[in-house]
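Let's walk through this structure together, one question at a time. Have the sequence and the model open as you read.

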Amino acid sequence: MLAPGRPKPKPTPETQHFWDGCKQGKLLLQRCGDTGRAYFPPRPFSPYTGTRNVEVFEASGRAKLHSYVIHHRPVPGFTPPYAIAVVELEEGPRLMTNIVDCEQTPEALQLDMPMEVAFTPLDEEVTLPLFRPAKESK
Amino acid sequence: MIRPGEIAVVGAAESTKIGAVPGMSQIMLHADAALNAMEETGLKPSDIDGVACVGPMMPQQIAHYLGITPKWVDGTGVGGCSFMLHVRHAAAAIHAGYAKTILITHGESGKSRINATPRPPEPESLNGQFEVPYGPFGPPTLFPIPVLRYMKERGVSHEDLAMVAVVQREWAGKNPRAMFRDPITVDDVLNSRMIAYPFRILQCCLVTDGGGALILTSADRAKDFPTKPVYILGTGESVETNMVSQMKDFTSSSAFRVAGPTAIEAAGIDRSAVDHMMIYDAFAHLPLYGLEDLGFCKPGEAAGFIREGNTRPGGKLPLNTNGGGLSYTHTGMYGMFALQESIRQMRGTAPAQVPNAKISVCHGVGGMFSASGTVVFSNEKP
């Protein structure tokens, strides 16, 4: 369980499936029915073509570290220094996250390093898709 | 289409004081700047028939506070470049005949927080669901998110990003109204307090109080005003996403690439004709993105362009000549102050005046690369 004080996301009808998936340990993305391309954040239509013909699918959870900052000032629910990162999923979309099981330093956090999803409960209701450096064997 | 030079800025003023202004609320900072701009043009509130300012429910507050009955209003609020968009929209409105004399105002009690705009994180918004839970806390943690990727792709060093702040401090040293004027070195920047790696405090904008106002009218009517008209040659605007994590390319802003070239093409000028430039610098990387995305440098060449002195006093493209958001002032929405400096340069009244400057490009960014607006000015009517 994460430290108390962290802002809690509130799902909407269009994003409920994503948060339900996180709680079940699944990273659910959506795919455009016209182009086959994955997208994020969740919405019930394709940002590429506007079609409502979209499907939800489970992503691999594998990603690469795309960019980040390491925040050095206190924020409720966080212990500085902590990285605020963006990872690029194997399926294409990027998402903001935090990095766990890793030193929060420029030396430890190398761009393009392989990452994997680490579902972490915020509380009883919400689980966040955090990421950690990928294990060697995969 | 509007022809280059068809619309002019006849009034331009900042609030009487900027920096720490604990004696004025936010709405009074709007009004103080507006009164200063009306005074120099000889206009009264009853002469103004159009009002633009940032945000929902704000045009009616400002109009009522100043005693204006507008026939045209614009509350476009896309972050700190909103004023560039107001200029563009106002020019179109005057061209269309919707209004004759338009007032654009800004006021922000960013430092003293008197009647300041709250920024509540909405947990149901897309930002609230997909960014806020990971601990960003204001622009210093969000705006620099793409920087490490830009540095890696473009081969830009920490020293290069420190140099941006060093050069702008040189300009600020010439400006008595700038908040910080003492010279700094690259080492000073790289040894200043870490805020959000890779950026330290000297690479982050100031947080100040202040206001600014512009008055626009047709070039034909501009001749009757006591002030020297500054003509609008071209404008551009765009938005991308208000989630920085979803920006398509971390090394380049889509909104910049639309707004900047649109303005320059509308102006019908060659980039080599530009004498003076403002690129909204909330953080030290923004001038690099701006120079590249607007086509003044090839991708990867902006850092070297600044390092080699092209943007400093005496350089071939003087940039952010008031000292910028890093050293002059930054209320929260700095775009109005970038516009004011372009107008001063075109009027020939800037504290660090660029000799014989005839064309100025003023480029704004809104909230974490989410929006952009560009205006090309000239003191000569084409």
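Two strands count as paired when DSSP finds at least two bridges between them. Keep in mind that this is a predicted model.

Q: Over how many bridges do strand β1 of chain A and β3(A) pair?
A: Strand β1 of chain A covers residues 28–32. Its pairing with β3(A) runs in the antiparallel sense, and the number of bridges is five.

Q: Which residue of β3(A) stands opposite Gln30(A)?
A: Strand β3 of chain A spans 54–58. The residue in β3(A) that faces Gln30(A) is Val56(A).

Q: What are the edge strands of the open sheet in chain A?
A: The three strands of this open sheet follow the order β2-β1-β3 (chain A), with antiparallel pairing. An edge strand here pairs on one side only, which is the case for β2 (38–39) and β3 (54–58) of chain A.

Q: What is the radius of gyration of chain B, and why does it agree with a compact globule?
A: Chain B has 382 residues, and a compact globule with that number would have a radius of gyration near 21 Å. The value for chain B agrees with this, at 19 Å.

Q: What share of the residues in chain B is buried?
A: Buried means under 20% relative accessible area. Among the 382 residues of chain B, the buried share is 64%.

Q: How far apart do the centres of the positive and negative side chains in chain B lie?
A: Chain B carries 32 positive and 35 negative side chains. The centres of these two sets are separated by 3 Å.

Key: Residues are numbered from 1 along each chain as its sequence is written. Chains are lettered from A and ligands numbered from 1 in the order in which they are written. This is a predicted model: local features need pLDDT of at least 70, side-chain atom pairs count only at pLDDT 80 or more; totals for chains, interfaces and linings use all residues. Side-chain values use heavy atoms; hydrogens and water are left out. The radius of gyration is taken over C-alpha atoms; the globule rule is 2.2 Å times the number of residues to the power 0.38. Buried means under 20% relative accessible area, exposed over 50%, partly exposed in between (1.4 Å probe, protein chains only). Lys and Arg count as positive and Asp and Glu as negative; His and the chain ends are not counted. The place of a charge is taken as NZ of Lys, CZ of Arg, CG of Asp or CD of Glu. Helices (H or I, at least four residues) and strands (E, at least two) are DSSP runs, numbered from the N terminus.
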